[in-house]
Amino acid sequence: MLFPRLLLFGDSLTQQSFAPRGWGSALTDKYQRRLDVVNRGLSGYTTRMAKYLLPEIVEAASASEIAAVTIFFGANDAALPNMSTKQHVPVDEYRANLKEMIDFLTSHSISKDRIVLIGPPPVVEIKWEQFCKERDQELDRDNAVTKVYAAACMSLAEELEISSTDVWTD
């Protein structure tokens, strides 16, 4: 028996969402026997990379089978530019990439009311600094920058009249 699909698309925060007590696990529990929750979280990915994979993911599932989509990127995009040129995506490009993904979904009959944008959460700076030190890396994230990306995501959602979850302030 197949159920409509709830597609979770994002970076490692999505990939890890099926961990015990994770938000993906909670959705799977909430919608059991009504929706199949499909995790397409890609650790380390940014919107610059992910926008090219979204068509493959949607077309493999068949857009008609998708009940809703979450788009949860920004934590990697907001990496400090001087520390992580591989992951850093300028905020204007980040916003444009999100819009491109939304445009793709709507062009494949996934209406705006079935899309939820999730902005990047605050960095737990003390833990992230510890994580970086353990790997002999310099600190490449901070809340001042991430907050700008969260605001850009929320303003895009408001502009396009897309549902959103602001984990920065909620």
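Let me begin with Leu 117: setting aside neighbours within four places in sequence, Leu 117 is in contact with Ile 71, Leu 98, Ile 102, Cys 153, Met 154, Leu 156, Ala 157, Ile 162, Ser 163, Ser 164 and Thr 165. Contact here means heavy atoms within 4.5 Å.

A word on the source. This is a predicted model, in which local features need pLDDT of at least 70 and side-chain atom pairs count only at pLDDT 80 or more, while totals for chains, interfaces and linings use all residues. Residues are numbered from 1 along each chain as its sequence is written, and side-chain values use heavy atoms, with hydrogens and water left out.

Now to the core. Which residues touch the most other members of the largest nonpolar core? They are Val 58, Ile 71, Leu 105 and Leu 117, in a core of 31 residues. A nonpolar core is a set of buried Ala, Val, Leu, Ile, Met, Phe, Trp, Tyr and Cys residues joined through side-chain atoms within 4.5 Å. Two or more residues come from each of strand E1 (5-10), helix H4 (54-61), strand E3 (66-72), H5, strand E4 (115-118) and helix H7 (143-160). The most, 7 residues, come from H7. Helices (H or I, at least four residues) and strands (E, at least two) are DSSP runs, numbered from the N terminus.

I turn to Leu 105, which lies in helix H5 (residues 91-107). Is Leu 105 buried or exposed? Leu 105 is buried, because its relative accessible area is 0%; buried means under 20%, exposed over 50%, and partly exposed in between, with a 1.4 Å probe and protein chains only. Beyond the neighbours within four places in sequence, Leu 105 is in contact with Leu 54, Val 58, Val 69, Ile 71, Ile 110 and Ile 115. Pro 90 stands 15 residues from Leu 105 in sequence and 23 Å from it in space, C-alpha to C-alpha.

Finally, the whole chain. The protein chain has 7 helices and 5 strands, in the sequence order β-α-α-β-α-α-β-α-β-α-α-β. Its C-alpha trace spans about 50 × 35 × 30 Å along the principal axes. Of its 170 residues, 42% are buried. Among contacts between residues at least 6 apart in sequence, 77% join residues at least 24 apart. With 170 residues, a compact globule would have a radius of gyration near 15 Å, and the 16 Å of this chain agrees. That radius is taken over C-alpha atoms, and the globule rule is 2.2 Å times the number of residues to the power 0.38.
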